[in-house]
Amino acid sequence: MKKQYLLPGLALLGGAGGMALRFWELKAAFDPATGLPLYGVPATWVLLAFTCAFVLLTFFLSRSVGGQDTEELPAETAFRCRTFPYLLLVFAAGLLVGAAAALYLKRGLSEPGTMHVLRLVFLPFGMASALSLLYIGASNYREEGKTAGSIALLLPGFAGCVWLMLCYQGWARNPFVLDYLFLLAAILSGLLAHYFIAAYSFAKPSPLPICLFCSLTIFASLIALVNSSALPERLMLLSQILYFSATLWAFCGNLAAHRPPAEEAQIEISPPGEATITPKEETP
């Protein structure tokens, strides 16, 4: 399998497997009458073990894909992708963030309180993030290299910070961490992925964390979709899946294309029937 498909494919397949285990856990590990968790149910331990195995496998594969020398891969070309599926995925991710911001605003106007304020605050950050993703997708598709050192790479991370605070308001009243563990992991790994992507474009290249955290964000976002009830939350998770899948696909492909060439052999082989004459060095 080509390196550009290895990590995105693994993240999507691992996330699909995690979704199946999460469905099993929700049916087997929680009391249907009270909604309280049942301790000692194997479904929870299987899901956690599967997650740990996925993290370890992704880490070692990220080292093999993103561990080579990156001096020949400048920031202007690291995320370029002249393919329509890439453009479609990033544009869809941007539109989903904009839709989520609008839905959060609608809910914020109808529900007063602290959540009301945070939902209103999320609107400008969400819209700025949506426009940034559209700009990033168009620039990388046109291979213009304008995103290197651009503030557009920072805005999705800022929106992710506000989204984290918004979700925390609901988590603070829930004593069961397993209810929101994968959503928390999806948001935090997404923030780290945005950070290292922006750092790469600001002349601090580090391919391994980009490969690792993009993969983990896809994996955790897919699992978090299983028990996510709010529509804006689902749209944000889908946006992360689409954007980081496209970014990881483009980045791994560009890394593979810029691998240092193999060292050329020092021995020349003559075609059959031809003699190779090596001039004799004269001795003084």
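How do the residues of the lining of the largest cavity divide into nonpolar, polar and charged? In this predicted model, local features need pLDDT of at least 70 and side-chain atom pairs count only at pLDDT 80 or more, whereas totals for chains, interfaces and linings use all residues. Residues are numbered from 1 along each chain as its sequence is written, and side-chain values use heavy atoms, with hydrogens and water left out.

The structure holds three cavities of 30 Å³ or more, a cavity being a set of points, on a 1 Å grid over the protein atoms alone, where a 1.4 Å probe fits but cannot get out, with lining residues having an atom within 4 Å of a point. The largest cavity has a volume of about 140 Å³, volume being the space filled by probe spheres set on the points, which are joined across faces, edges and corners. Its lining comprises 15 residues, of which V97, P156, H194, M236 and Q240 lie nearest the centre, and these 15 residues divide into nine nonpolar, six polar and no charged (nonpolar: Ala, Val, Leu, Ile, Met, Phe, Trp, Tyr, Cys and Pro; charged: Asp, Glu, Lys and Arg; polar: the others, Gly among them). At least two lining residues come from each of helix 5 (114-142), helix 6 (155-171), helix 7 (181-201) and helix 9 (231-257), helices being DSSP runs of H or I of at least four residues, numbered from the N terminus; helix 9 gives the most, with five residues.

The second largest cavity, with a volume of about 50 Å³, is lined by F79, Y86, I136, N140, T147, L153, I197, S201, Y243 and T247. Helix 5, helix 7 and helix 9 each supply at least two residues of this second lining, which has six nonpolar, four polar and no charged residues.

Terms used
On a 1 Å grid over the protein atoms alone, a cavity is a set of points where a 1.4 Å probe fits but cannot get out, and a pocket is an open set with protein on both sides within 12 Å along at least five of seven lines; lining residues have an atom within 4 Å of a point.
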